[in-house]
Amino acid sequence: MQKTLLQLYLEHKEKVAHKWSSYLKFYDTIFFNYKRLPINILEIGIQNGGSLEIWAKYFENAIRIVGCDINPDCKNLRFSDPRIRVVIGDSTEEMTKNRILEEASPYHLIIDDGSHKTSDIIKNFALYFPQLAANGFYLIEDLHCSYWQEFEGGLFYPYASIGFFKKLIDIINYQHWNVKIARNVLLKGFEKLYGIRLENEILGQIHKIEFVNSLCVITKANEHENKLGEPVVAGIEATVIPEVKALGGVVSFPDQKENFWSNEPNEELIEEKLTQKLVEKEKEIERIKNSLSWKITEPIRLLQKLFGDSMKGDQ
């Protein structure tokens, strides 16, 4: 029986490696069908190089295991496994990307364990997600840094790395926007701020996004596999809602071109719309209060009318 990733880490005696235990347990579940495949692996940020050695043990049939690090001292690392390669350079630069692609292409597993800075994470994704094979995994580790200003983040900062990956959830559901807006319009703030460009064709290949503590895993698939598909109606009896039997075949969704919140309003319009909703809500609350007040005072008024001044004297 093959050892788990956690077991391999605990038994490792060579170059130092560091991963959070929750990552290792999660990786065992998502890599289950990948462990014996002939895949190419890229890890951005390798420190002492130990993780590359452990990936080589875990993925026994891997073809190439490439590590990239900006630290020039990593060029002195030596590995007994000939499948392991190291590229020295800034992973966010085109020149470094080209050298990484010379080592292998496409990659089936890409792990970003680099600087953890928001700008680097987003630039890396724009550069390397297009180099990921279909059904491959793109992993971003240590996203807790997204909440710290030391790593260009913050809980309410709209352009932190975690915010970028949250946006991709909407892009997965692009089929249901039903407005004439391209996928990458949703990312234009990130594109402008970080100088990236993600083509709509590439964004359409985002199949699945999984979040666990400090970790995001994005699975890639051909665009036609990422659609909702046709409704499958099973059974014969539909005595409660008989209309459901007619759902087979093509289903049309409502057009949203008149929906204010489905289009692209500017900040002033958003503020105006939110203020309008707040005023409407306050009016509704006042109406309910008045209604409740009437329900309390009306019985007293009727009693007074019925019994006259005798009731006033009892008060």
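What covers the buried residues of α4? Hi everyone, let me walk you to the answer. A word on the model first: it is predicted, so to speak of local features we need pLDDT of at least 70, while side-chain atom pairs count only at pLDDT 80 or more, and totals for chains, interfaces and linings use all residues. Residues are numbered from 1 along each chain as its sequence is written, and side-chain values use heavy atoms, with hydrogens and water left out.

Let's start with helix α4, residues 94-103. Helices here are DSSP runs of H or I with at least four residues, strands are runs of E with at least two, and both are numbered from the N terminus. T96, K97 and I100 of α4 are buried, meaning under 20% relative accessible area, with exposed over 50% and partly exposed in between, for a 1.4 Å probe and protein chains only. Looking down the axis, the buried residues of α4 fall within an arc of 100°, so they line one face of the helix; the arc is taken from the directions from the helix axis to the C-beta atoms. On the face turned away from that buried side sit the exposed M95 and E102.

Back to the opening question. The cover over the buried residues of α4 includes β1 (40-44), β2 (64-69), β3 (84-88), β4 (107-112) and α5 (118-128), where contact means heavy atoms within 4.5 Å.

Now to β2. Six of its six residues are buried, with R64, V66 and C68 on one side and I65, G67 and D69 on the other. β1 and β2 run parallel, joined by five bridges; strands count as paired if DSSP finds at least two bridges between them. Within that pairing, L42 has V66 of β2 as its bridge partner. Between β1 and β2 the chain passes through helix α3 (residues 50-58), in a right-handed β-α-β crossover; that is, with the strands pointing away from the viewer, the path from the first strand over the helix to the second runs clockwise. β2 also pairs with β3, again parallel and over five bridges, and there G67 stands opposite V86.

Last stop: the loop between α4 and β4, where we find S105. Is S105 buried, exposed or partly exposed? With 48% relative accessibility, S105 counts as partly exposed. S105 and Q131 are 26 residues apart in sequence, and their C-alpha atoms are 7.0 Å apart in space.
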